[in-house]
Amino acid sequence: MSLLSDLINLNLSDTTEKIIAEYIWIGGSGMDLRSKARTLNGVVSDPHKLPKWNYDGSSTGQAPGEDSEVIL
């Protein structure tokens, strides 16, 4: 258990400023959650400054198959 505690409390602030940002949205059925994560170079203070992400909406029932790219 000591190893797990060491990992949980690991301080990486001296080695990296990168963060993981995750978009979470309601799936096409309205009954499930979807998410997509990516690594960013640092903290983003304004959500408008986040990069645009996309996903295939046809696999979630949120876009037709012929035009399935959805921008988050």
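## Charge

In this predicted model, the chain carries 6 positive and 10 negative side chains. The centres of those two sets of charges lie 5 Å apart.

## Overall build

Let's step back to the whole chain. It has one helix and four strands, and, read from the N terminus, the elements run α-β-β-β-β. The radius of gyration is 17 Å, well over the 11 Å that the globule rule gives for 72 residues, so the chain is more spread out than a compact globule. Taken along the principal axes, the C-alpha atoms fill a box of roughly 50 × 30 × 20 Å.

How much of the chain is buried? Buried residues make up 17% of the 72 residues. As for contacts between parts of the chain, take those with a separation of 6 or more: residues 24 or more positions apart account for 26% of them.

Strand 1 covers residues 19-26 and strand 2 covers residues 33-40. The two run antiparallel and are joined by eight bridges. You can follow the pairing residue by residue at one end: Ile19 has Leu40 as its bridge partner in strand 2, and Ile20 stands opposite Thr39. As a reminder for looking along either strand, side chains in a regular strand alternate between the two faces of the sheet.

Six residues lie between the strands of this hairpin, and Gly30 takes a positive phi near 80 degrees there.

Leaving aside neighbours within four places in sequence, Ile26 is in contact with Asp32, Leu33 and Gln62. Thr60 is 34 residues from Ile26 in sequence, and their C-alpha atoms are 9.7 Å apart in space.

A second pair to look at is Ser59 and Gly28. Ser59 has its place in the loop between strand 3 and strand 4. The two residues are 31 positions apart in sequence, with 9.0 Å from C-alpha to C-alpha. Ser59 is exposed, with a relative accessible area of 55%.

## Ser68, a buried serine

Stay with the loop between strand 3 (54-56) and strand 4 (69-71), where Ser68 is also found. Ser68 has a relative accessible area of 18%; buried means under 20%, so Ser68 falls in that class.

Which residues does Ser68 touch, not counting those up to four places away in sequence? The list is Tyr55, Asp56, Gly57, Ser58 and Ala63.

## The loop between strands 2 and 3

Val44 is found in the loop between strand 2 and strand 3 and is partly exposed, with a relative accessible area of 29%. Not counting residues up to four places away in sequence, Val44 touches Ile19, Lys49 and Leu50. Recall that Ile19 is the residue bridged to Leu40 of strand 2. Val44 and Arg34 are 10 residues apart in sequence, and their C-alpha atoms are 22 Å apart in space.

His48 is found in the loop between strand 2 and strand 3 too. At 75% relative accessibility, His48 counts as exposed. From His48 to Glu69, the separation is 21 residues in sequence and 20 Å in space, C-alpha to C-alpha.

How values were computed. Residues are numbered from 1 along each chain as its sequence is written. This is a predicted model: local features need pLDDT of at least 70, side-chain atom pairs count only at pLDDT 80 or more; totals for chains, interfaces and linings use all residues. Side-chain values use heavy atoms; hydrogens and water are left out. Buried means under 20% relative accessible area, exposed over 50%, partly exposed in between (1.4 Å probe, protein chains only). Contact means heavy atoms within 4.5 Å. The radius of gyration is taken over C-alpha atoms; the globule rule is 2.2 Å times the number of residues to the power 0.38. Lys and Arg count as positive and Asp and Glu as negative; His and the chain ends are not counted. The place of a charge is taken as NZ of Lys, CZ of Arg, CG of Asp or CD of Glu. Two strands pair if DSSP finds at least two bridges between them.
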